[in-house]
Amino acid sequence: MDRFDAMQAFVRVVEAGSFTKAAETLHMSKTSVTQLVQQLEARLRVKLLNRTTRRVAVTADGAAYYERVVKLLADMDDAETGLSAASAAPRGRLRVDVPSPLARMILIPALPAFHARYPDIQLDMGVSDRIVDVIGENVDCVVRGGEITNQSLMARRVADLQLGVYAAPSYLERAGLPSHPKELEDTHHRIVGYLWSRIGRAFPYAMHRGDESVNVHGRYVLAVDDGNAYLAAGLAGMGVLWLPQYMVRPYLARGELVPIFEDWRLDPMPLYIAFPPNRHVSAKLRLFIDWVVELMGQYVPAPAGSITS
């Protein structure tokens, strides 16, 4: 038995809550993961996990051992990356998940420069707007817009995205230019609905002008759960959009989108990087986080970074 592999397998089973999920994230068979954990229990002469047909639960001894092993694995990583050669050339696999528009418009175009700087970091980038089980799916970090609702995660606020309201010229020619946000509730106006993954439905937008505040739900004939699809629907004239400024700049320049309600203000959308509190923040993860902060600073003003739980 390779003790290092066995400890890694045990940690992943605890974090994923399942031998099957742990095996998937470790790219091993379920049988291999099961055998490694069984061999570890035999060596330690203690029961680390309680297994049923429905779930896997850590025992009291297993919980105590898990805390020690996580620290040990982190110390081993520090020992490697602390060497001068490793510090100069961080390496290894990094699993991240980012929103689709941010990936397409900002992160992926900038990746050649990132990999020129850090050629030995391998990025596995999930591109989606869905809620990701950071621990269960063994993801090192996620980048997300909006407040982080999972209080078990650590989060660094990396930007405040300024929002505006926009429509395609084809939509305005057909429906007319609304003079007040409440007109979007009328039968002849439409918005493009965005289905927030954490609630599974469209969310009202709060808009302010002086002492006046309104919550706009709007009517839609199309609602989507992906930022790129949301933008595409607006460009096709399907309705009014609420978008971060970084997403609309090229389309405003080409006249494909037109700003509306410019005398109204929307609260900015915070952008966070979140990661598990018990996961060691490796050198490569720190570099990726710092790179995202640096990159977003070129597009939007970056707030003072903070780590919160």
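Colleague: How many aromatic pairs does the count come to?
Modeller: This is a predicted model. Rings of Phe, Tyr and Trp pair if their centres lie within 6.5 Å. By this rule the count comes to seven.

Colleague: What is the angle between the planes of Phe114 and Phe288?
Modeller: The two rings lie 6.3 Å apart, centre to centre, and the limit for a pair is 6.5 Å. Planes over 60 degrees apart count as edge-to-face. Phe114 and Phe288 form an edge-to-face pair, and the angle between their planes is 85°.

Colleague: How many residues apart are Phe114 and Phe288?
Modeller: Phe114 belongs to helix 6, residues 100-117. Phe288 belongs to helix 10, residues 283-297. The pair links distant parts of the chain, and the separation is 174 residues.

Colleague: Is Phe114 buried or exposed?
Modeller: A residue counts as buried under 20% relative accessible area. Phe114 has a relative accessibility of 0%, so Phe114 counts as buried.

Colleague: Which elements hold Tyr194 and Tyr230?
Modeller: Tyr194 and Tyr230 form an edge-to-face pair, with 5.6 Å between centres and 85° between planes. Both of these tyrosines are buried. They are 36 residues apart and link distant parts of the chain: Tyr194 is in strand 8 (residues 191-196), and Tyr230 is in helix 8 (residues 227-235).

Colleague: Which residues do ring pairs link into a cluster with Phe114?
Modeller: Phe114 pairs with Phe288 in edge-to-face fashion. The cluster linked by ring pairs holds Phe114 together with Tyr118, Phe288 and Trp291.

Colleague: Which residue in strand 15 stands opposite Met207?
Modeller: Strand 10 covers residues 205-209 and runs antiparallel to strand 15. Two bridges join these strands. Opposite Met207 stands Leu266.

Colleague: What percentage of the residues of the protein chain count as buried?
Modeller: The secondary structure comes to ten helices and 17 strands. The protein chain exposes about 15500 Å², and carbon and sulfur atoms supply 52% of that area. Of the 309 residues, the buried share is 46%.

How values were computed:
Residues numbered from 1 in each chain as written. Predicted model: local features only at pLDDT ≥ 70, side-chain atom pairs only at ≥ 80, totals over all residues. Heavy atoms only, no water. Helix = DSSP H or I, 4+ residues; strand = E, 2+ residues; numbered from the N terminus. Buried < 20%, exposed > 50% of the residue type's maximum accessible area, 1.4 Å probe, protein only. Areas by Shrake-Rupley, 256 points an atom, 1.4 Å probe, with all protein chains shown as cover. Pairing = 2+ DSSP bridges. Phe/Tyr/Trp six-rings, centres within 6.5 Å; stacked < 30°, edge-to-face > 60°.
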